[in-house]
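The sequence and the model come first.

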Amino acid sequence: MVVRSLKLFSVEKFPAIAKALLAQFLGLLLLAITVVLLAQFVEPPFADSLLLALQVIYAALFTTLFVMPRWWYLIQIVLPPSLYFALSSGVNPLLALGLFILLILVFKNAVFERVPLYLSNQTTRRALVQIAEEYHLQRFIDLGCGNGSNVRFMAEQAKIQESVGVETAPIPLLLAKLRVFGGHGTVLAQNLWKTDLASYDFVYAFLSPQPMPELWSKAVREMPANSVLVSNSFAVPDIEPSEVWQLSDRRKTKLYIYKMSETQRSKTSC
Ligand SMILES: C[S@@+](CC[C@H](N)C(=O)[O-])C[C@H]1O[C@@H](n2cnc3c(N)ncnc32)[C@H](O)[C@@H]1O
């Protein structure tokens, strides 16, 4: 029952960063309860290392209950000891500023576009290849391509003629450019809202619930008939997808597939 209600936090409306902070906060709460209970049997104070270890374990536990992507565990495990050592060693506040700038360079769009950075997994990439085959698609674009893994993977498929990604967060953009270096796809430093979709028949987006209505309007305006929009995890509100693929990965990824047809376009414009 507790597990089921906690799983409510995995609803996609919660940005990952909020879930991560909540996991740390609930971990801290559990730690406080543990300390109070433990004090009945063992004389405090308790070793800092024990408290840190418990905080990390509890935060990881809540991260699991919130069904967060695997790489968030790294952040959740590293955060408490980093904060502890920073506070106890009287570290220069400029370092904190530097860290903050680094975070903005990576997660810029979480703040400005309400689209956090999390990455498609290999199971999803294999499903994208299957979708391309089933719908006979050849020109792929990843809107907000993160580290460029999808762009490179699709570029390496024999039947894909063109594989492009656009990205605006500086560090993911740099990583994506490096990943496709040498002709394994194309990555552009470009805002997805300023990217013309007319020349792509396979548009992939893994964004957040917030931009989906606007993305749909853009797709309807620009995408050619018989092209396909695939949204990872986030459905377009009030629009019936042509298909939904549920994948067999840990997070049971859902791919919402929208085949753009004249009928669909006219239904939307009514
Ligand atoms: C959830 S991640 C998905 C990354 C990648 N598509 C994948 O599936 O692995 C969303 C990405 O979209 C980028 N993004 C968000 N808004 C954007 C915008 N307006 N223009 C370009 N990229 C954007 C973010 O920086 C982030 O890298």
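How many cavities of 30 Å³ or more does a search of the whole structure find? The search finds two.

## Basis

The model is predicted: local features need pLDDT of at least 70, side-chain atom pairs count only at pLDDT 80 or more, and totals for chains, interfaces and linings use all residues. Residues are numbered from 1 along each chain as its sequence is written, and side-chain values use heavy atoms, with hydrogens and water left out.

## Largest cavity

A cavity is a set of points, on a 1 Å grid over the protein atoms alone, where a 1.4 Å probe fits but cannot get out; lining residues have an atom within 4 Å of a point. The largest cavity has a volume of about 380 Å³, where volume is the space filled by probe spheres set on the points. Its lining has 33 residues, and Val115, Gly144, Cys145, Glu167 and Leu207 are the closest to its centre. Helix H5 (93-112) is among the elements that give two or more residues to this lining; H5 gives the most, four.

## Ligand

The ligand sits in the largest cavity, meaning that more than half of its atoms lie within 2 Å of the grid points. A ligand nitrogen is 2.7 Å from a polar backbone atom of Gly144.

## Second largest cavity

The second largest cavity holds about 40 Å³ of space. Its lining consists of Ala16, Ile17, Trp72, Phe107, Ala110, Pro116 and Leu117.

How values were computed:
Polar contact = N/O pair within 3.5 Å; in protein donor to acceptor, adjacent residues only side chain to side chain. 1 Å grid on protein atoms, 1.4 Å probe; cavity = no way out; pocket = protein on both sides within 12 Å on 5 of 7 lines; lining within 4 Å.
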